[in-house]
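Have the structure open and follow along.

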Amino acid sequence: YNYIGGLQKRLPDIAEFDYNLQNYFKNIIDEIVSYEHTEINKSIINQQLEMRRAVWLKMNGVTFEREVANIYIAHQHEAKTTKAIGGEGGVDIRLWKDGLYSIVQCKNVRRAIDEPAVRKLFDTMHKEKASKAILICSGGFTHMARNFAKNRPIQLLDLNQFLNLVN
């Protein structure tokens, strides 16, 4: 109402507006302000996501794996990272939650992962007798990789998807 009152002082000709019209304009102004707040908040969230993404992209492989494990732990999973010697057949993290065992492979690389890597993880999932495989790759996945994972117990997460899950 202050805004409309200020308009009435600056433009005395509109002082005769009835209450319904004033209320109509107030609602329009409130909607505009609400929209602006929403857009500003989205912009801030996107900026924060980009800053977090930049931090994750600078991590070396072992740090990346440990931080992913820490996030799963924060989400009530039991998580154990494997030894950083590369002899675990592609399993970087072993997860347990609600009696289910899952394996996680982490790749902090700029390129998209192709279908053979997803197929290999699927084979490893069977060897490990895991109920699910999760592949987290900062560079994303090719169309062929995503097609292979469809209708299989494989979750493919690029870095943005993973960071959105964290929020």
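Leu 21, Tyr 24, Phe 25, Ile 28 and Ile 32 come together in a nonpolar surface patch of about 420 Å². Keep in mind that this is a predicted model. Phe 25 sits in helix H2, which covers residues 19-57. With a relative accessible area of 33%, Phe 25 is partly exposed.

## The overall layout

Zooming out, the protein chain has six helices and five strands. Following the sequence, they come in the order α-α-α-β-β-β-α-β-α-β-α.

Of the 167 residues, 31% count as buried. As for contacts with a separation of 6 or more, 51% of them link residues 24 or more positions apart.

Is strand S3 enclosed or open? Strand S3 (residues 100-107) is largely enclosed by the rest of the structure, because six of its eight residues are buried.

On one pairing, S3 runs antiparallel to strand S2 (residues 93-97), with five bridges between them. Here Arg 94 is opposite Ile 103 of S3. The hairpin formed by S2 and S3 has two residues between the strands, and Asp 98 there has a positive phi near 50 degrees.

S3 also pairs with strand S4 (residues 132-137), this time in the parallel sense and over six bridges. Gln 105 has Leu 135 in S4 as its bridge partner.

## Two loop residues with positive phi

A bit of background first: most residues other than glycine have a negative phi. Lys 129 isn't a glycine, yet its phi is positive, at about 60 degrees. You'll find Lys 129 in the loop between H4 and S4. Lys 129 counts as exposed because its relative accessibility is 71%, and the cut-off for exposed is over 50%.

Where is the other one? Asn 151 lies in the loop between helix H5 (143-149) and strand S5 (154-158). Asn 151 has a positive phi as well, near 60 degrees, and is a residue other than glycine. Its relative accessible area is 83%, so Asn 151 is exposed.

Terms used
Residues numbered from 1 in each chain as written. Predicted model: local features only at pLDDT ≥ 70, side-chain atom pairs only at ≥ 80, totals over all residues. Heavy atoms only, no water. Helix = DSSP H or I, 4+ residues; strand = E, 2+ residues; numbered from the N terminus. Buried < 20%, exposed > 50% of the residue type's maximum accessible area, 1.4 Å probe, protein only. Contact = heavy atoms within 4.5 Å. Patch = residues over 30% accessible without salt bridge, like charges linked within 9 Å, V, L, I, M, F, W, Y side chains within 5 Å. Areas by Shrake-Rupley, 256 points an atom, 1.4 Å probe, with all protein chains shown as cover. Salt bridge = Lys/Arg side-chain N within 4 Å of Asp/Glu carboxyl O. Pairing = 2+ DSSP bridges.
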